[in-house]
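Biologist: I would like to learn how to read the features of a model, one at a time. Might we begin with its pockets?

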Amino acid sequence: MVPDVSRGSRTIGLLHYLYRTSDIEAHVDPHLVAAYDPHLPDPGRDPNATFSDLAADLDLWVTALGDKAPKKHVWHCPVRTAPGDRHLTDDEWATVARRVLSATGIAPDGDDQACRWIAVRHAPDHIHLVATLVRADRTRPRHHKDGTRAQAECRKIEKEFGLRRLREGDGTAAKRPTTAERRKAERLGQDAPSRELLRERVHRALAGAANEAEFFDRLAAEGVRIKKRLAPSKDVLGYSVAMVGDRNKNNEPVWFSGSKLAPDLSLPRIRKRLAATAEIPEPPAALERSGATAPARARHFATEATNTALETLASGDDGAAAAQLIGVGEVLDALAQTSLGNTRAELREAARHFERATRSHIHAKNAQMHALRRAAHQVVHSGTALRHGPDGAATALVLDIVILAVVAAARWHAARNHAQQAEAAQRAADHLRAAYQATAAAPLAALHAYGQRLPAQTQRRQADTVRTALPHLADRLQAEPSWHALTAVLDQAERAGHNPTTLLTKAAEQRELHSADSISDILVWRLQHLGYTTPPASTSRSQRPRNVAPPISTAPALAHQAANRPRRR
């Protein structure tokens, strides 16, 4: 059950919206389910009742104060059940209304001087609470932290009513769009309210940005309006953004400051992040080897950085771990910007959910996210990755390790009772798995075809390699669908000058394997990465005969060629 508190200045305007059915299909049979006065005429049931009379009744004490009345005197709180919950009766919704109004201090139980209020139902799954913020004794209600108090009461109601129990927050979540913002987005034909679209665009612009100038340049490239707040010295003090086409009643752009989008998107917070990672280390020389595309190289570096983040999450240093989560979020944003098709769509959803998992009350040591921010920078500037060949394999590789990091983030948050963040990370992991499936299918199929074409003697030799390195897993690996892909990568590693037994042993030792759905898939990507980052054990590439295969980083391209080469008859 989700309450969403907001404030406004026109009671009658809100009433017209709540009761309107002519152009809002979701509004069905609007009517009162409760009110401060049970005999209050209901425009949804009484043909003689008018919106003007109802508004005047609710505004009575506000009007009595005259110029001393608060400008934003309308308190509005939709309360919505979760998808899949049963539909509550009108009497149950009336109970919900009274409990939320009492908990927030708007209309405490037994207080005959409380604010005037109504509860309107115009859909099966929610009601709208409307109150005016002047009491009968002409004082203001004590409704400090009313949103938090409403949330706490809804958690109790969920338990008592047998509804889906949502996670408690810690006050670090971004502000949710109001009902009015959602309706406006529908009218404008937007995929989401402007607040959410702008938050995503600002996060994408920040992902891996080296400095403030690059951040604003990339934000402008996202196609949003930007307004900088300048000091007399012309120094930038803050910024606001607006969606093109989103205007208010005065035909002016609807601006959102960075801090209104999310707590960590204010300019001072962004500057702290940029300053702490100003001197981002260059990728290790091993990750700059030739034979791979720029997107593939960037993804290999992101794999190394994310693997380090995994180790940090288990280190016990909460400040460093919090910083790594922010960095993982930037890598996700960067990957979403540079991927194609279904992978891109799933990564965007993963990034949108994981954004919630990047914030908590634990102070992040921003300097600890150097490598991840550098990785995000490289991914963004390397360009769009293709879905096949080295790019596709490298994308599947980095997604494999990012899934582990996001699952570890969910466990890290759960251990610290960060319920919302843990749930957000789990949802991100679900989308990442879908992105992985969309990405990994093509390179695995190409490697599988390549492995099937290997001479029988070579296949037996690689099977012996597996039995030598992993005797306890050999039978399971040979029974898995990706067995031929694994033999293909081992063959490529051997041709590139590596000792396949040593490389496979090292790949297996990196992290536990037994919980994996497909151990051979995991080993394929670990071998791909080790073959890319580890110098060959034997002859250097320049000294190898021309008929020896190039480094394992190009194995997906070779596998793709082999899979499509006509068979000799």
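Modeller: The second largest pocket has a lining of 32 residues, and those nearest its centre are Arg7, Gly8, Thr178, Ala180 and Glu181. The model is a predicted one: local features need pLDDT of at least 70, side-chain atom pairs count only at pLDDT 80 or more, and totals for chains, interfaces and linings use all residues. Residues are numbered from 1 along each chain as its sequence is written, and side-chain values use heavy atoms, with hydrogens and water left out.

Biologist: How is a pocket defined, and what volume does the second largest pocket have?

Modeller: The search uses a 1 Å grid over the protein atoms alone; a pocket is an open set of points with protein on both sides within 12 Å along at least five of seven lines, and a lining residue has an atom within 4 Å of a point. Grid points are joined across faces, edges and corners, and the volume is the space filled by probe spheres set on the points. For the second largest pocket this gives about 1,400 Å³.

Biologist: Which element gives the most to the lining of the second largest pocket?

Modeller: Elements are DSSP runs numbered from the N terminus: helices are H or I with at least four residues, strands are E with at least two. Helix H6 gives the most, with seven residues. At least two lining residues each come from S2, H1 (11–19), S4, H6 (179–188) and H7.

Biologist: Which residues of H5 are buried?

Modeller: Buried means under 20% relative accessible area, exposed over 50%, and partly exposed in between, with a 1.4 Å probe and protein chains only. An α-helix has 3.6 residues a turn, so residues three or four places apart point the same way. In H5 the buried residues are Asp146, Ala150, Glu153, Cys154, Arg155, Ile157, Glu158 and Phe161. Their cover includes strands S1 (2–3), S2 (6–8) and S4 (74–80), together with helix H4 (90–104).

Biologist: Why does Arg155 count as buried?

Modeller: Arg155 counts as buried because its relative accessibility is 9%. Contact means heavy atoms within 4.5 Å. Leaving aside residues up to four places away in sequence, Arg155 touches Met1, Leu166, Arg167 and Glu168.

Biologist: What is the order of the strands in the open sheet?

Modeller: Strands of a sheet pair through backbone hydrogen bonds, either parallel or antiparallel. Two strands are called paired if DSSP finds at least two bridges between them. Here the open sheet has three strands in the order S7-S8-S9, with antiparallel pairing. S7 and S9 (256–257) stand at the edges with a single partner strand each, so one side of each is left without a neighbour in the sheet.

Biologist: How many bridges pair S7 with S8?

Modeller: S7 and S8 (residues 236–242) pair over six bridges; among the facing residues, Leu230 stands opposite Val236, and Ile226 has Val241 as its bridge partner. Five residues separate S7 and S8 in their hairpin, where Lys234 has a positive phi of about 75°. On the S9 side, S8 pairs over two bridges, and Val241 is partnered by Phe256.

Biologist: How many residues of S8 are buried, and what lies across S8?

Modeller: Six of the seven residues of S8 are buried. Helix H7 (residues 194–206) lies across S8 and S9, at about 125° to S8. For such angles, axes are lines fitted to C-alpha atoms, for helices over the stretch in contact, and values run from 0 to 180 degrees between N-to-C directions.

Biologist: Is Val224 buried or exposed?

Modeller: Val224 is buried, with a relative accessible area of 9%. This residue lies in the loop between helix H8 (212–221) and S7 (225–230). Beyond residues up to four places away in sequence, Val224 touches Leu198, Arg201, Leu219, Val241, Ala242 and Met243.

Notes: On a 1 Å grid over the protein atoms alone, a cavity is a set of points where a 1.4 Å probe fits but cannot get out, and a pocket is an open set with protein on both sides within 12 Å along at least five of seven lines; lining residues have an atom within 4 Å of a point.
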